Amino acid sequence: MKLIHTGIRMAAYNTAMTIAREIRTNTGYKRANQEAHALMRQMFHQRGDIDTTVPGHLTITLDPLPTKAKTTAAAQLCEHLTATETRYPGTNLILKYAIKTKTPALIN
């Protein structure tokens, strides 16, 4: 049981380090060297939607982050990850990532 727990923690750690590195290297976020891990954690806790209506794709769309700079960095990371055309494990669905754009409220 301990080995399984350790294996899962190692996999989670490796994933977190990889995403933090991707933030530092594939976004224009000016504070990426200092805040890559914080931005990654914020993205993981962000609300969003999962859409399977487009044939052959699984789309993950996150709500915008609190600041424009963080939202822009997250959008750049989403573009980079989408370009890899990674398949969701065990399926033929290609993962697509995006950030929701804020739409103005309708005035009646």
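Predicted model: local features only at pLDDT ≥ 70, side-chain atom pairs only at ≥ 80, totals over all residues.
Strand 1 and strand 2 run antiparallel, and four bridges join them. Between these two strands the hairpin has five residues, and there Gly56 takes a positive phi near 85°. On to strand 3: strand 2 pairs with strand 3 in the parallel sense, over six bridges.

Next, the pocket. How much space lies in the largest pocket? About 370 Å³. The lining of the largest pocket is made of 18 residues, and those nearest its centre are Phe44, Ile60, Leu62, Leu81 and Tyr97. The elements giving two or more residues to this lining are helix 2 (32–44), strand 1 (48–51), strand 2 (57–62), helix 3 (68–83) and strand 3 (94–99). By type, the lining residues divide into eleven nonpolar, five polar and two charged.

Last stop, Thr71, which you will find in helix 3. Is Thr71 buried or exposed? Thr71 has a relative accessible area of 17%, and buried means under 20%, so Thr71 is buried. Its side chain reaches the backbone nitrogen of Leu65 at 3.0 Å. Setting aside neighbours within four places in sequence, Thr71 is in contact with Pro64, Leu65 and Ile99.

Methods
Residues numbered from 1 in each chain as written. Heavy atoms only, no water. 1 Å grid on protein atoms, 1.4 Å probe; cavity = no way out; pocket = protein on both sides within 12 Å on 5 of 7 lines; lining within 4 Å. Points joined across faces, edges and corners; volume = space filled by probe spheres on them. Nonpolar A, V, L, I, M, F, W, Y, C, P; charged D, E, K, R; others polar. Pairing = 2+ DSSP bridges. Buried < 20%, exposed > 50% of the residue type's maximum accessible area, 1.4 Å probe, protein only. Polar contact = N/O pair within 3.5 Å; in protein donor to acceptor, adjacent residues only side chain to side chain. Contact = heavy atoms within 4.5 Å.
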